[in-house]
Structure formats: structure tokens, C-alpha cells
Amino acid sequence: MTDFQTIGVIGAGAWGTALAQTAAKAGRDVLIWSFEQDVADVINNKHENTIFLPGVALEPNIAAVTAMADLDVCDAVLAVAPAQHLRGTLEKFAPFARRGLPIILCAKGIEQSSLSMMTQVLAETIPSAIPAVLSGPSFAIDTAQGLPTAVTLACKDEKTGAALIEALGTPRFRPYLATDLTGAEIGGAVKNVLAIGCGIVEGRGLGKSAHAALIARGFAEMTRLALALGAKRETLAGLCGLGDLVLTCSSPQSRNMSCGLALGRGVHLDDILGSRRSVTEGVASAPAVVALAKRRGVEMPICEAVDDILAGRTSVENAIEALLARPFTLESA
């Protein structure tokens, strides 16, 4: 029997709800914190998140709360607030987090204001927590419906990581243990930016060959940045790097790829984001990824092009032409 019987989930969007569902299916008691009262009410009254994850009947051992204090009974917490809101959310939770509480970071992004990764944000807001990172190729609806999903759970404390996997894993939700938190974080953040680029390629009708090339060259960019930050190459070749990149760059079900599809078809970014209630993380992460890469002296031309398009500094057409006009070089460069 694991020590992690009661699991908290901070964030009741689609992914937070899906993770609550799989933890409940693993036999845990789950408390899911919602910022929105209407979301908490519908989860408790209808046992379904009709706002962010409609059509999935939630397990009876999931209860929604809106007070952070209610999470003080939790043995481990999944932090699923969007990356740009994680700091403020953790600051609210900090008074109720016991010393040594494992906090699993599930947001994929880099904080714009500080260029900090989520583990750095956690270290500054709840320094006594045991950090872990959950990342990998996983759409919320697939996970919630019990379709087979494999992810990376990175934790430097291998004993704690193994216990968390025992608590959360099921035959259809398979976490693989890693110790490289930086690699897991960079994979998750950069793939969202690249997925916007892949969507632009598809929306512009540039063909499957260009799509595949962008994934491969984007993976090279992701790996260069991760290595510059001290990550392990093999981490990026795993579920939280290449695996997540392939999924997010290959399906319009991805919010980031669908954003790129619309951009490639000429829709203005404000109109795309204005029609969504869920966060498109790659839009916020793009300038942070580019700034962090420049700070480290890492060349990331695809991510730079996506950032320029999102910021309105260049058009889709000009960005594509600029990338195609780059000098030929060694593939390993």
C-alpha cells in the first residue's frame, strides 16, 4: 500500500480533470481545486466537467474544492495551473503545503517574466516541496477515457518517484521514471512552440514533407537548448521530448497545432485566442523560449520564426521564406 492515498490536483481544466480521473481510477481519493466556482459545482453535482472535459463520467472518489486550505490533507499534489499562472497559484497554496510534500509539476512552459522553468518557480514559492515533473504524449480526453497513455515522471528522489508511480500508474496510464527534470521541462515547453509552427505548415498547405522536416529540425533545436541547460540527451529522445513533440505536432486536437493551423490559413491571433477558454501554452512560451535560448547562445530559428509571427513582427509568408533562405549546413549543427 502506497503512502500517497489522498492526491490533490491544482487546476480543473481538461488536463487537471483527466489526471484527477486517472488518479481516482488508480484507487486514490482525489481533491481537485478549481479557480472557477461553476466548474467545482458541476464536478460535484454532475460528476462531470461539462465545461472543460465534457462527456467523461468522473469517478465517485473525486471531489472539487475552491479553497486551497482544503488541500492540506493531501499526500501529494499535481500542479496543473497554466505555466504563466503557476507562481501565483503556488503562492496561494504555500501556507497549506506541509514540509516535504511531493508536488508534481504538470504545466508545460517557461515563465515569461523571469525565464524560469516550473521547477525554479516551485523552488522559490514552496522551497520545502519535493519537486517532480510529469510530461509526455498525452491528450486529456485520451487519458480521461482510459485509452493507453505513457508519460515521463521525473523526480531526482528515485524512491519518491517510484512511490508516486505506484500511486498514479494503472495498466492504461503508464508513467516511466526519470531523474532529469530539466530535460522533461524543456521538452514540454519547446514542443508547444514547435506545434504552432507545424500547424502553420499544414494550414499553409506546404505538404507532409515540410511537416516532417519541421518536426526533425525542431527536435534538434529542442535538444540543443536542453543540453545547454544541463539536460541529458536521452531524456529528449524519450516520451517527454520526441514522444510529446510527435503527438502535439501531428494532431489538430492539440491547442497549439490548431492555433498554428488557423494562423497558416490567415486568421488573426487575437481572433483565435478570443474564441478559446483554454490556454494555448505555446503562445506564451514562445518569447520565453527564444529569450532563454539567446541568453544561452543557442540557435533556434524555427522557434524564433514562430515567435516573430505571434508577435506580429513578420508575416507567415515572410517567416517561411526567411527559413527557406537560410544557408545549408551540417545536419548535426
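Student: What volume does the second largest pocket have?

Tutor: Keeping in mind that this is a predicted model, the second largest pocket has a volume of about 860 Å³. Its lining is made up of 27 residues, and those nearest the centre are Arg217, Ile302, Leu323, Leu324 and Arg326.

Student: Which element supplies the largest share of the lining of the second largest pocket?

Tutor: That share comes from α8, with six residues, while α7, α8 (208–228), α14 (301–311) and α15 (316–324) each give at least two. Sorted by class, this lining holds 19 nonpolar, two polar and six charged residues.

Student: How many residues line the largest pocket, and of which classes?

Tutor: The largest pocket, with about 1,000 Å³ of space, is lined by 39 residues, and Ala14, Trp15, Val80, Arg255 and Val279 lie nearest its centre. Elements that contribute two or more residues to this lining include α1 (14–25), α7 (181–203) and α11 (255–264). The lining divides into 17 nonpolar, 14 polar and eight charged residues.

Student: Why do the buried residues of α2 line one face of the helix?

Tutor: The general idea is that an α-helix has 3.6 residues a turn, so residues three or four places apart point the same way. In helix α2 (residues 37–46), the buried residues are Val39, Ala40, Val42 and Ile43. Viewed down the axis of α2, these buried residues fall within an arc of 165°, and therefore they line one face of the helix. What covers them includes β2 (29–33) and β3 (62–65). Just after α2, His47 takes a positive phi of about 50°.

Methods
Residues numbered from 1 in each chain as written. Predicted model: local features only at pLDDT ≥ 70, side-chain atom pairs only at ≥ 80, totals over all residues. Heavy atoms only, no water. 1 Å grid on protein atoms, 1.4 Å probe; cavity = no way out; pocket = protein on both sides within 12 Å on 5 of 7 lines; lining within 4 Å. Points joined across faces, edges and corners; volume = space filled by probe spheres on them. Helix = DSSP H or I, 4+ residues; strand = E, 2+ residues; numbered from the N terminus. Nonpolar A, V, L, I, M, F, W, Y, C, P; charged D, E, K, R; others polar. Buried < 20%, exposed > 50% of the residue type's maximum accessible area, 1.4 Å probe, protein only. Arc of directions from axis to C-beta. Contact = heavy atoms within 4.5 Å.
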